[in-house]
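These are my notebook entries on a single protein chain. I set down what I looked up, entry by entry.

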Amino acid sequence: MKKKRIFSWCCLALCGLMLAACNKEPQITTLSGKTMGTTYHIKYIDDGSSAADTARTHEQVETILKDVNDKMSTYIPSSELSRFNQSRQTDTPVEISADLATVIGEALRLNRLTEGALDITVGPLVNLWGFGPEKRVEKQPTAQQLAQRQAWVGIEKLKLSEKDGRFYLEKAVPELYVDLSAIAKGFGVDKVADYIESIGIADYLVEIGGEIRAKGRNLEGKVWQIAIEKPTFDGSRAVEQVIGLGNLAMATSGDYRNYFEDNGKRFSHEIDPKSGYPIQHHLASITVLDPSSMRADGLSTGLFVLGEDKALQIAEQHNLPVYLIIKTQDGFSTKMSSAFEKLLNNKE
């Protein structure tokens with residue numbers, strides 16, 4: 001009888017602990033760190049119902065991001081992508097990881113959607129203009145330098161294939177150089193967000209270098225509120241527009257922070273792969289929303305290169321939520337696609 005009473009008390013105590021966990025007051029947990037040459041920030045609501053342990057979750061996030069870096073960085077000489085770029089073998093399939101194949105495959109698809117504007121082989125030109133691992137330049141390259149590098153660039157010079165569940169990559173010219181900086185951060189956001197969901201967290205926000213994916217609601221019970229930055233050229237920060245991200249990702253591309261000047265002329269870090277020159281249109285920034293941060297990341301770069309008119313045309317054609325900020329003589333004006341306007345008007 002005594003053993004039964006002890007067992008009963010243990011059961012009651014256990015039930016009490018479980019009930020207390022279930023009734024835990026929701027609180028916000030924040031994780032942060034450095035990755036991919038920038039920083040990351042994660043917020044999630046912990047109500048005691050998930051299997052999340054803060055220290056273990058942070059450790060796993062770091063492991064995930066290190067793995068992405070080790071596969072896709074052009075700044076790490078030993079990364080999987082760097083080894084492919086360093087190789088001079090042509091028309092020779094090289095086996096690559098499924099993650100790298102996923103990102104390159106999506107980049108190839110977005111290249112077609114953006115009519116060639118998103119081109120992950122543009123790396124030699126990015127480097128020539130001083131916006132890659134090579135040192136920053138102080139003046140624009142010569143026509144001869146541009147012609148030489150353009151001969152190395154072209155999505156048709158890169159081939160991705162799959163056989164028996166394995167993925168292969170090959171180049172048509174020895175100098176072909178793949179740069180995933182326009183899409184890899186978004187992929188990293190997706191990988192982390194997928195992990196966060198896998199441990200039972202329903203309400204979260206993941207951000208890496210400005211690329212964001214959110215799900216659920218914040219502590220106030222509202223969808224996560226994200227600000228679109230107003231472009232400035234003096235280093236100050238201001239808000240242009242706020243939108244609620246309900247189960248969506250957001251990425252913004254612009255030319256107002258990363259640039260250099262030569263003889264009073266501003267050269268953006270976004271390179272037009274067709275001309276070989278930094279873009280010269282009046283689009284200051286473009287923000288893209290999509291369920292996938294990887295897609296939003298790649299689309300924002302490709303559509304930004306195209307300029308406001310073509311970007312908006314493609315956005316309407318493919319029902320893409322995009323928000324554009326355009327430079328004018330009097331400052332800035334804004335435009336948005338029909339899909340973005342619909343989301344903006346959804347005040348849930």
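Entry 1: I began with tyrosine 323, which is buried, as its relative accessible area is 2%. The model I am reading is a predicted one. I then looked up phenylalanine 340 and found 0% relative accessibility, so this residue also counts as buried, the cut-off being under 20%. How many aromatic pairs does the structure hold? I noted two. Tyrosine 323 and phenylalanine 340 form one that is tilted, with 5.2 Å from centre to centre and 40° between the planes. This pair links distant parts of the chain: tyrosine 323 lies in strand S14 and phenylalanine 340 in helix H10 (residues 338-344), 17 residues apart.

**Entry 2: another aromatic pair.** I turned to tryptophan 129 and tyrosine 277, whose ring centres are 5.6 Å apart. Where in the chain do the two residues lie? Tryptophan 129 is in the loop between helix H5 (123-128) and helix H6 (143-150). Tyrosine 277 is in the loop between strand S12 (265-268) and strand S13 (283-290), and 148 residues separate the two. I checked accessibility as well: tryptophan 129 is buried at a relative accessible area of 0%, whereas tyrosine 277 is partly exposed at 35%.

**Entry 3: a charge over a ring.** I found the charged end of lysine 171 over the ring of phenylalanine 84, at 4.7 Å from the ring centre.

**Entry 4: a three-stranded sheet.** I traced an open sheet with the strand order S3-S5-S4 and antiparallel pairing. Which strands stand at its edges? They are strand S3 (94-96) and strand S4 (158-163); each has a single partner strand, so one side of each lacks a neighbour in the sheet. On average, neighbouring strands here are turned by 35° against each other, direction ignored. I counted six bridges in the antiparallel pairing of S4 with strand S5 (residues 166-171). Leucine 160 stands opposite leucine 169 of S5. Helix H4 packs on this sheet and touches S3, S4 and S5, with its direction at about 130° to that of S4.

**Entry 5: positive phi angles.** I recalled that most residues other than glycine have a negative phi. Aspartate 164 is not a glycine, yet its phi is positive, at about 55°. I located aspartate 164 in the loop between S4 and S5. Is aspartate 164 buried or exposed? Its relative accessibility is 73%, so aspartate 164 counts as exposed. Asparagine 319, again not a glycine, also has a positive phi of about 55°. I placed asparagine 319 in the loop between helix H9 (308-317) and strand S14 (322-328). At 58% relative accessibility, asparagine 319 counts as exposed.

**Entry 6: helix H2.** I checked the length of helix H2 (residues 54-72): at 1.5 Å a residue, its 19 residues should span 27 Å. The end C-alpha atoms are 27 Å apart, which agrees with that expectation. Which residues of H2 are buried? I listed Thr57, Val61, Ile64, Leu65, Val68, Asn69, Lys71 and Met72. An α-helix has 3.6 residues a turn, so residues three or four places apart point the same way. The buried residues of H2 pack against several elements, among them strand S1 (27-35), strand S2 (38-46) and helix H3 (80-86).

Definitions and conventions:
Residues are numbered from 1 along each chain as its sequence is written. This is a predicted model: local features need pLDDT of at least 70, side-chain atom pairs count only at pLDDT 80 or more; totals for chains, interfaces and linings use all residues. Side-chain values use heavy atoms; hydrogens and water are left out. Helices (H or I, at least four residues) and strands (E, at least two) are DSSP runs, numbered from the N terminus. The expected span of a helix is 1.5 Å times one less than its number of residues. Buried means under 20% relative accessible area, exposed over 50%, partly exposed in between (1.4 Å probe, protein chains only). Contact means heavy atoms within 4.5 Å. Two strands pair if DSSP finds at least two bridges between them. Axes are lines fitted to C-alpha atoms, for helices over the stretch in contact, and angles run from 0 to 180 degrees between N-to-C directions. Rings of Phe, Tyr and Trp (its six-membered ring) pair if their centres lie within 6.5 Å; planes under 30 degrees apart count as stacked, over 60 as edge-to-face and the rest as tilted. A charge sits over a ring if NZ of Lys or CZ of Arg is within 6 Å of the ring centre and within 35 degrees of the ring normal.
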